[in-house]
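Hi there,

Here is the structure I said I would pass on.

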Amino acid sequence: MIIIMSPKATENDVNSVAGKLREVYGVSIQVNKGVDCTVLGVLGNTHIIDMDKVMLLDNVEKVMPVSEPYKKASRKFHPEDSVIDCSGAKVGGKKLSIIAGPCSVESMEQITAVAKEVKASGASMLRGGAFKPRSSPYSFQGLELEGLDMLLEAKAQTGLPIVTEIMSPALVEKFDSCVDVIQVGARNMQNFDLLKELSKTRKPILLKRGLSATIEEWLMSAEYILAGGNPNVILCERGIRTFETYTRNTLDLSAVPAVKKLSHLPVIIDPSHATGLNWMVEPLAMAAVAVGADGLIIEVHNDPKNAKCDGAQSITPAAFDELMKKIDSIAPVFNKEI
Ligand code: PEP
Ligand code: MN
């Protein structure tokens with residue numbers, strides 16, 4: 001961290017700022033006297049420093065962080081890529097992880113049928129929401145615990161690990177006991193109580209990027225989980241809010257290389273929520289592979305027209321099968337495989 005003192009700052013002001021930082025945060029300070037002003041270089045555990053408080057000290061003009069506020073998520077302190085083991089299905093590394101399934105679990109027949117089809121096409125995990133974060137309280141809210149049981153049955157029949165969304169910190173224990181990957185949805189990316197509870201588990205957490213979250217905010221949410229002791233975080237870019245209304249969201253493909261540069265955590269793409277349009281899933285899934293994503297999460301429904309949630313962006317099992325063939329053929333170009 002760098003602190004630029006005002007040209008008006010006296011030697012006393014400089015000593016008092018340096019003394020305070022040493023005392024409160026245990027950091028060391030390098031004092032650089034310039035012609036116009038003095039610049040302090042702060043060394044040590046600077047991510048615990050409250051920059052707003054430093055700004056309030058007498059004659060401090062500017063405070064600039066030189067390293068990211070996240071440490072455990074940062075590639076600087078963990079140069080090699082993390083590979084997350086999801087009950088045997090690995091996320092990260094050469095193999096692409098393809099998670100597929102309906103937006104929500106609707107019935108035993110629906111989830112088991114979709115599970116078998118996506119498995120036959122090569123999916124590595126099954127998705128399906130049991131607790132749904134709907135914008136309207138009048139929309140289908142999910143089958144809740146009954147839905148979890150149906151997912152478990154689909155897992156028993158196919159062997160596919162299951163990925164499902166949690167909304168309440170009160171359900172962490174339950175999810176920890178039966179789910180393979182716990183999804184934190186975009187709307188809960190900054191539900192810090194939920195993140196703290198999840199940090200106490202060792203379960204892989206699929207952390208979706210918030211609707212209007214910056215990459216730094218997203219990585220700070222990952223940091224909550226890592227800081228609490230759970231190293232198993234998978235990031236998921238699912239489109240962000242922009243001025244464009246043609247698509248449901250705008251897929252930020254650049255987030256993938258950005259996250260890869262900043263962090264060691266694997267990152268996957270959700271082209272379904274990013275676009276809201278079934279016919280855009282394929283081109284954006286291919287683009288995701290091309291920009292270096294570690295996998296995809298795709299909504300697949302056996303009867304999209306009658307889906308209880310997100311039918312317009314759901315592709316059929318047949319379309320998913322076609323897409324898997326295309327991904328399989330382009331993956332080697334990007335040093336990946338299914
Ligand atoms: C979902 O995966 O069904 C979902 C609600 O996703 P998001 O949180 O990205 O909107
Ligand atoms: Mn959905």
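Before anything else, keep in mind that this is a predicted model. I started with ligand 1, which has 13 residues around it. The closest are Arg127, Ala186, Arg187, Lys208 and Arg238. If you sort the whole shell by type, you get seven charged residues, three polar ones and three nonpolar ones.

A few side chains come up to oxygen atoms of ligand 1. In Arg187, a side-chain N or O atom is 2.8 Å from one oxygen of the ligand. For Glu299, the distance from a polar side-chain atom to an oxygen of ligand 1 is 3.5 Å. On its own the ligand would expose 300 Å², and the protein buries 97% of that. As for where to look, ligand 1 sits in the largest pocket.

Glu299 turns up again at ligand 2, a manganese ion: its OE is a protein donor there, along with Cys103 (SG), His273 (NE2) and Asp310 (OD). Along the sequence their spacing reads C-x169-H-x25-E-x10-D. Cys103 and Asp310 are 207 residues apart, so to find them, go to two loops: Cys103 is between β7 (97-101) and α3 (108-121), while Asp310 is between β14 (295-299) and α11 (317-330).

Cheers

Technical notes: Residues are numbered from 1 along each chain as its sequence is written. Chains are lettered from A and ligands numbered from 1 in the order in which they are written. This is a predicted model: local features need pLDDT of at least 70, side-chain atom pairs count only at pLDDT 80 or more; totals for chains, interfaces and linings use all residues. Side-chain values use heavy atoms; hydrogens and water are left out. A residue is near a molecule or strand if one of its heavy atoms lies within 4 Å of it. A polar contact is a pair of N or O atoms within 3.5 Å; within protein, one must be able to donate a hydrogen and the other to accept it, and residues adjacent in sequence count only if both atoms are side-chain atoms. Accessible areas come from the Shrake-Rupley method with a 1.4 Å probe; for residues, only the protein chains shown count as cover. On a 1 Å grid over the protein atoms alone, a cavity is a set of points where a 1.4 Å probe fits but cannot get out, and a pocket is an open set with protein on both sides within 12 Å along at least five of seven lines; lining residues have an atom within 4 Å of a point. A molecule sits in a cavity or pocket if more than half of its atoms lie within 2 Å of its grid points. Ala, Val, Leu, Ile, Met, Phe, Trp, Tyr, Cys and Pro count as nonpolar, Asp, Glu, Lys and Arg as charged, and the others, Gly among them, as polar. Donors are N, O and S atoms within 2.8 Å of the metal (3.2 Å for Na, K and Ca); water is not among the atoms, so sites may look incomplete. Helices (H or I, at least four residues) and strands (E, at least two) are DSSP runs, numbered from the N terminus.
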